[in-house]
Amino acid sequence: RASEGLESLARIQASSIEQLTYSNLDIEPTGFFVAECPWKGPAPYSFLAHTLHSVSSTRSRISILNILTNALRLIIQHDSSSLLSSMYLLSNSLTPPYVPVELGLGPSIISKAIQHVSGLSAAALRRLYTKTGDPGDVAFEARSNLRTLIQHPALTITGVYKSLLKICHSKG
């Protein structure tokens, strides 16, 4: 009986999760329509992840410029407060070059964090690393197998950026 209740709660939760799908950003910017917002509220980090995935999927400089231009136009139009955070995250930095800030997270700390959050053993984590080769993909795979009773709030671009800055400024 308890398992039936958990299953129905999981079904309700899965149906209430808003799956955002984003349009193709590899369109000539003059023909890209930015008046309609693809998200509600602050810009979600999933949009930035979609942008980065689109950039990594092509080798064409023109396509990369189109993708980045259209993504930044959407952010400027619909959540301009996320623009600076987006620029830093897209450029793989957290501050201007003259501010000496480092994230300071090595591979062992990242592995321990993934293990702690996902509950995977060290051997299972190594198998995922050999399968995917990227810590981000490993974290995604480890997280995709977890089920939670309470839905976590959606990540926003500014929220992720501020969290990374907190990590940079933490001591110990």
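## Terms and basis

A residue is called buried when its relative accessible area is under 20%, exposed when it is over 50%, and partly exposed in between (1.4 Å probe, protein chains only). Helices are DSSP runs (H or I, at least four residues), numbered from the N terminus.

The model is predicted: local features need pLDDT of at least 70, side-chain atom pairs count only at pLDDT 80 or more, and totals for chains, interfaces and linings use all residues. Residues are numbered from 1 along each chain as its sequence is written, and side-chain values use heavy atoms, with hydrogens and water left out.

## Helix 8

The buried residues of helix 8 are I157, T158, V160, Y161, L165 and C168. They line one face of the helix, because their directions fall within an arc of 165° seen down its axis; the arc is that of the directions from the helix axis to the C-beta atoms. K162 and K166 are exposed on the other side of helix 8.

The 13 residues of helix 8 should span 18 Å at 1.5 Å a residue, and its end C-alpha atoms, 19 Å apart, agree with this. The expected span is 1.5 Å times one less than the number of residues. Cover for the buried residues of helix 8 includes helix 2, helix 3 and helix 4, where contact means heavy atoms within 4.5 Å.

## Helix 2

In helix 2 (residues 45–56), the twelve residues should span 16 Å at 1.5 Å a residue, in agreement with end C-alpha atoms 16 Å apart. F47, L48, T51, S54 and V55 are buried in helix 2. These residues cover an arc of only 120° around the axis, which puts them on the same side of helix 2.

H53 and S56 are exposed on the other side of helix 2. The buried residues of helix 2 are covered by elements including helix 3 (61–78), helix 4 (83–90) and helix 8 (157–169).

## Salt bridge

A salt bridge is a side-chain nitrogen of Lys or Arg within 4 Å of a carboxyl oxygen of Asp or Glu. By this rule the count is one salt bridge. K131 pairs with E141, their closest N and O atoms being 3.9 Å apart. The pair links distant parts of the chain, with K131 in helix 6 (residues 122–132) and E141 in helix 7 (residues 135–144), ten residues apart.

K131 is exposed, with a relative accessible area of 60%, whereas E141 is partly exposed at 27%.

Technical notes:
Helices (H or I, at least four residues) and strands (E, at least two) are DSSP runs, numbered from the N terminus.
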